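Dear colleague,

Please read them with the model open beside you.

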Amino acid sequence: MPYSVPEPKIFACTQSQELGHKIAKAFGQELGKVNISRYSDGEFQPSFEESVRGARVFIIGSTHPSSDNLMEMLLMLDAAKRASARHITAVMPYFGWARQDRKDKPRVPIGAKMVAKVLEAAGATRIITMDLHADQIQGFFERPVDHLFASTVFLPYLESLKLENLTVASPDMGGSKRAYAYSKFLQSEVVICYKQRKKANVIDHMELIGEVAGRHVVLVDDMVDTAGTLTKAADLMMERGALSVRAITTHAILSGNAYERIENSKLTELIVTDSIPLRQESEKIKVLTCANLFADVMHRVHHNTSIASKFLM
């Protein structure tokens, strides 16, 4: 008898249940059942409540801190491997620990490389992720990596705003490549913020390279953590004569006083994806779902077809 490829199974880690349900619905099937047993000391054990033998398994989970989110992904990968899944794809809308992509001072780890190796050791045969903090992290893996871009989600929304005199801005020098890519697609001007830090998450000084007077500005970044950089950049641009300042950031980490900073800033709007669930609602934060993007790519991966058309820039 000819071998028939089983239908894929889709599961979601605890922290990505809402997004997992959206992706599964867009894919056209139900989210698989996972039971999490917890011990009184905090240890937990996930178990699949259905067979995955010989199947392609997609496990959805962003690995933002706490480390429990990463640990749950690793345990589910290991469970799928030991249950004889044929292919195991870690679908990580947000790849955590990615800011540790190099040694920037002596005696520190390269956390992103370590996480990549641990994911492969746990059983991942493929990685699907979105807007890595540094593109070169793909090279830390020996398995295939589908690195998606949230521009597929953001650009149609930006075009719908029909903003005249549009300028794309990068909040730091490291994001200039991303800003130029957006500006090329939108046929707009580009400005760049230059910042100096005393330490992580603390900005000492910021300068603006370029003119924003009389322009509608869109700041582009891969993540927003404490929102210090974005809000400081927005305030600076409004002082320099910008008509409005919006920000699009793929991953809304929003730790510490981030929500308060956003509410008190001169940002018109912060546009994010649902790669990480928001801790609280805000009138200034608009969430665009990335579920359709991931569902489409997962469908193409399962049927071994090209995903090239999903890249708008």
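Helix H1 (residues 17-27) and helix H8 (residues 291-302) have axes that come within 8 Å and cross at roughly 55 degrees, where an axis is a line fitted to C-alpha atoms, for helices over the stretch in contact, and angles run from 0 to 180 degrees between N-to-C directions. Helices (H or I, at least four residues) and strands (E, at least two) are DSSP runs, numbered from the N terminus. H1 and H8 are therefore oblique to each other, given that angles under 35 degrees count as roughly parallel, over 145 as roughly antiparallel, 65 to 115 as roughly perpendicular and the rest as oblique.

This is a predicted model, in which local features need pLDDT of at least 70 and side-chain atom pairs count only at pLDDT 80 or more, while totals for chains, interfaces and linings use all residues. Residues are numbered from 1 along each chain as its sequence is written, and side-chain values use heavy atoms, with hydrogens and water left out.

On the H1 side, Leu19, Lys22, Ile23, Ala26 and Phe27 meet Ala291, Asn292, Phe294, Ala295, Met298 and His299 of H8 (contact means heavy atoms within 4.5 Å). By class, this contact of H1 with H8 has 8 nonpolar, 2 polar and 1 charged residues; Ala, Val, Leu, Ile, Met, Phe, Trp, Tyr, Cys and Pro count as nonpolar, Asp, Glu, Lys and Arg as charged, and the others, Gly among them, as polar.

Helix H2 (residues 67-82) and helix H3 (residues 111-122) also have axes that come within 8 Å, and these cross at roughly 30 degrees, so H2 and H3 are roughly parallel to each other. Leu70, Met73, Leu74, Leu77, Asp78 and Lys81 of H2 make the contact with Val115, Val118, Leu119, Ala121 and Ala122 of H3, and the residues divide into 9 nonpolar, no polar and 2 charged.

Grid points are joined across faces, edges and corners, and a volume is the space filled by probe spheres set on the points. H1 gives the largest share of this pocket's lining, 4 residues.

The structure holds 1 cavity of 30 Å³ or more, and about 40 Å³ of space lies in the largest cavity.

Best regards

Technical notes:
On a 1 Å grid over the protein atoms alone, a cavity is a set of points where a 1.4 Å probe fits but cannot get out, and a pocket is an open set with protein on both sides within 12 Å along at least five of seven lines; lining residues have an atom within 4 Å of a point.
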